[in-house]
Amino acid sequence: MQFSEVLRDRHSVRDFSAQAVSDEQIESLLSQALRSPSWSNTQPYRIAVARGAVRDRLALAYSQKFERATRLQGRPRWQQLLMGAALGCLPDGDFKPVLNYPPELHERRVATGHGLYRLLGIERRDMAARNQQMARNYAFFGAPVVMFVCVHEGLGAYSVLDAGILLQSLMLAAKDQGLDSCAQGALAMWRSPLDKEFEIPSAYKLICGLSLGYASDAVINQFDPGRRPLQEFLIPAKS
Ligand SMILES: Cc1cc2nc3c(=O)[nH]c(=O)nc-3n(C[C@H](O)[C@H](O)[C@H](O)COP(=O)(O)O)c2cc1C
């Protein structure tokens with residue numbers, strides 16, 4: 001593929017076929033992504049790759065957490081804390097989930113969510129259907145491989161920046177090999193399932209997941225949230 005085609009064609013895939021991804025493909029992707037630039041070449045990230053039985057156990061553990069968390073929806077905060085602790089589903093991720101988005105970002109977030117639900121025929125107020133769709137995150141959208149990116153806490157925001165570059169390299173290298181992916185911040189909500197399967201050094205914090213595999217022909221994979229116009233993106237010069 002031409003590089004411009006890889007950039008154009010990469011998009012988030014939220015339904016994967018059962019087609020397997022080989023060890024060689026995974027190794028090749030990871031080696032290519034490791035070519036990413038990083039702050040003083042510190043390469044301040046580690047990555048856990050789950051497939052087969054480990055992937056399946058993680059899908060189960062994450063899905064259970066999410067299902068239990070949905071039982072807390074709409075309850076007063078104190079009840080959420082009590083019930084969440086009893087059910088073992090309070091977020092235990094390394095980074096605080098963003099609850100209040102700044103208005104400008106909130107608008108784009110909502111538009112993206114609504115666009116996706118509209119495509120799937122899910123009504124805005126149909127919480128059960130929305131939860132069902134959200135739950136797909138925790139089954140890794142059926143992907144045979146899921147990766148978890150962890151960043152060294154000692155570099156603060158800069159390791160997060162480097163992880164973003166790494167993720168993009170992974171997603172583009174995947175596309176170049178005919179593979180698809182979906183970055184998943186949703187997986188950083190809980191860290192405990194991952195700790196049960198991997199020896200994550202204590203200085204490394206879970207920042208994002210990435211599901212990987214071959215896209216199915218499900219309608220959800222046609223979703224294109226678009227982008228804002230260049231004029232809105234550019235910072236105007238002072239006149
Ligand atoms: C860091 C990061 C985290 C994301 N987390 C999720 C997620 O948890 N679930 C999901 O369905 N999509 C997730 N996405 C995908 C974004 O929604 C998607 O990139 C955006 O809507 C643009 O669409 P595109 O990737 O198809 O171009 C994430 C993307 C990034 C870069």
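Q: Which residue has a polar backbone atom 2.8 Å from a nitrogen atom of the ligand?
A: First, a heads-up: this is a predicted model, where local features need pLDDT of at least 70, side-chain atom pairs count only at pLDDT 80 or more, and totals for chains, interfaces and linings use all residues. Residues are numbered from 1 along each chain as its sequence is written, and side-chain values use heavy atoms, with hydrogens and water left out. The backbone atom at 2.8 Å from that ligand nitrogen belongs to G185.

Q: How much of the ligand's accessible area does the protein cover?
A: On its own, the ligand has 610 Å² of accessible area (Shrake-Rupley method, 1.4 Å probe). Of that, the protein covers 66%.

Q: What is the distance from a polar side-chain atom of R14 to an oxygen atom of the ligand?
A: R10 also has a polar side-chain atom by a ligand oxygen, at 2.9 Å. For R14, the side-chain atom and the ligand oxygen are separated by 2.7 Å.

Q: Which element gives the largest share of the shell around the ligand?
A: The ligand is surrounded by 15 residues (a heavy atom within 4 Å), with S12, R14, N137, G185 and R227 the closest. Elements here are DSSP runs numbered from the N terminus: helices are H or I with at least four residues, strands are E with at least two. The largest share, three residues, comes from strand 3.

Q: Within what arc do the buried residues of helix 2 fall?
A: The buried residues of helix 2 (residues 23-33) are Q25, I26, L29 and A33. Judged by directions from the helix axis to the C-beta atoms, they line one face of the helix because they fall within an arc of 100°.

Q: Which exposed residues sit on the face of helix 2 turned away from its buried side?
A: The buried residues of helix 2 pack against strand 1, strand 2, helix 7 and strand 4 (contact means heavy atoms within 4.5 Å). The face turned away carries exposed residues (over 50% relative accessible area). Those are E24 and E27.

Q: Is N131 buried or exposed?
A: N131 is found in helix 6 (residues 127-135). Leaving out residues up to four places away in sequence, N131 touches F66, T70 and Q73. Its relative accessibility is 15%, so N131 counts as buried.

Terms used
Buried means under 20% relative accessible area, exposed over 50%, partly exposed in between (1.4 Å probe, protein chains only). A polar contact is a pair of N or O atoms within 3.5 Å; within protein, one must be able to donate a hydrogen and the other to accept it, and residues adjacent in sequence count only if both atoms are side-chain atoms.
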